[in-house]
Amino acid sequence: MISMQISKTVGRAILAFGLLSSLQGCPLLVAGATGGGALVAADRRTLGAQTEDREIQVKAATLLKRDLADEAHVSTTVFNRRVLLTGEVPNLVVKLKAETIVRTVANVQEVVNELVIQGASSFGSRSNDSYLTAKVKASHVHAPDISAAFIKVVTERGIVYLMGLVTKSEGDRAAELAGRVPGVLQVVKAFQYISEPEAKKLSLGTPPQPGHAPATVNKQLLTPSH
């Protein structure tokens, strides 16, 4: 029985890796040979925001690993200077400490703290999360009415978190597709919303104004039906 469970876990990890690898071949997601041109072109963030997001990601992850208790499992996802914290921590003190640490990083505008107080997730659970992330991304790639390049997907314990600069209809559609993936327990919309006219401007290559922050930030829990 144990060997069968291990085989399933490893199998899902391999499948997830394969799916992610195939997604990397998508022209909307892959950086060009010159080092990122295609990815930048398909991203609604300014080039400055993308650069700052990468810096925030590295600095936040480094500080959290250094300053938090060993039993804490904290993942950071950064989009448009907003940091999403997911994972598990032993108590409320550590949860709040993680948020405080991230807020000290330069250029962080907001922290969405989704850490839960419980024991760290298992290797099997994290492998399943990687598998679900790949499946959700694949559902977005194959949808003709949204662009997967505009949406960041993170999964923890079967809960899918969606981030990105999207219109309300794009966000609803992305959440709907994610909720249809077997094994997804909940979908959390943590989008920053832009208007349809703004989306059209961005599609024509007009960058958002420096410091642009959409007025509406909606985080909604959905329970999918399978």
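In which loop does N80 lie? In this predicted model, in which local features need pLDDT of at least 70, side-chain atom pairs count only at pLDDT 80 or more, and totals for chains, interfaces and linings use all residues, N80 lies in the loop between β1 (73–79) and β2 (82–89). Residues are numbered from 1 along each chain as its sequence is written, and side-chain values use heavy atoms, with hydrogens and water left out. Helices (H or I, at least four residues) and strands (E, at least two) are DSSP runs, numbered from the N terminus.

N80 is not a glycine, yet has a positive phi of about 55 degrees. R81 is found in the loop between β1 and β2 and, although not a glycine, has a positive phi of about 70 degrees. With a relative accessibility of 4%, N80 counts as buried, where buried means under 20% relative accessible area, exposed over 50%, and partly exposed in between (1.4 Å probe, protein chains only). R81 is buried with a relative accessible area of 12%.

The structure holds 13 salt bridges, each defined as a side-chain nitrogen of Lys or Arg within 4 Å of a carboxyl oxygen of Asp or Glu. One of these is formed by the side chains of E170 and R44 (2.8 Å, N to O). This pair links distant parts of the chain, with E170 in helix α6 (residues 168–179) and R44 in the loop between α2 (37–41) and α3 (47–67), 126 residues apart. E170 counts as buried because its relative accessibility is 15%, and R44 is buried with a relative accessible area of 8%.

A salt bridge also joins the side chains of R157 and E88 (2.9 Å, N to O). R157 lies in the loop between β5 (152–156) and β6 (159–163) and E88 in strand β2, so the pair ties together parts that are 69 residues apart in sequence. The relative accessible area of R157 is 18%, which means that R157 is buried; E88 is buried with a value of 0%.

Within helix α6, E176 and R173 are three residues apart and therefore separated by about one helical turn. Their side chains meet in a salt bridge (3.3 Å, N to O). E176 is partly exposed, with a relative accessible area of 36%, and R173 counts as partly exposed at 21% relative accessibility. A network of salt bridges links D145, R173, E176 and R180.
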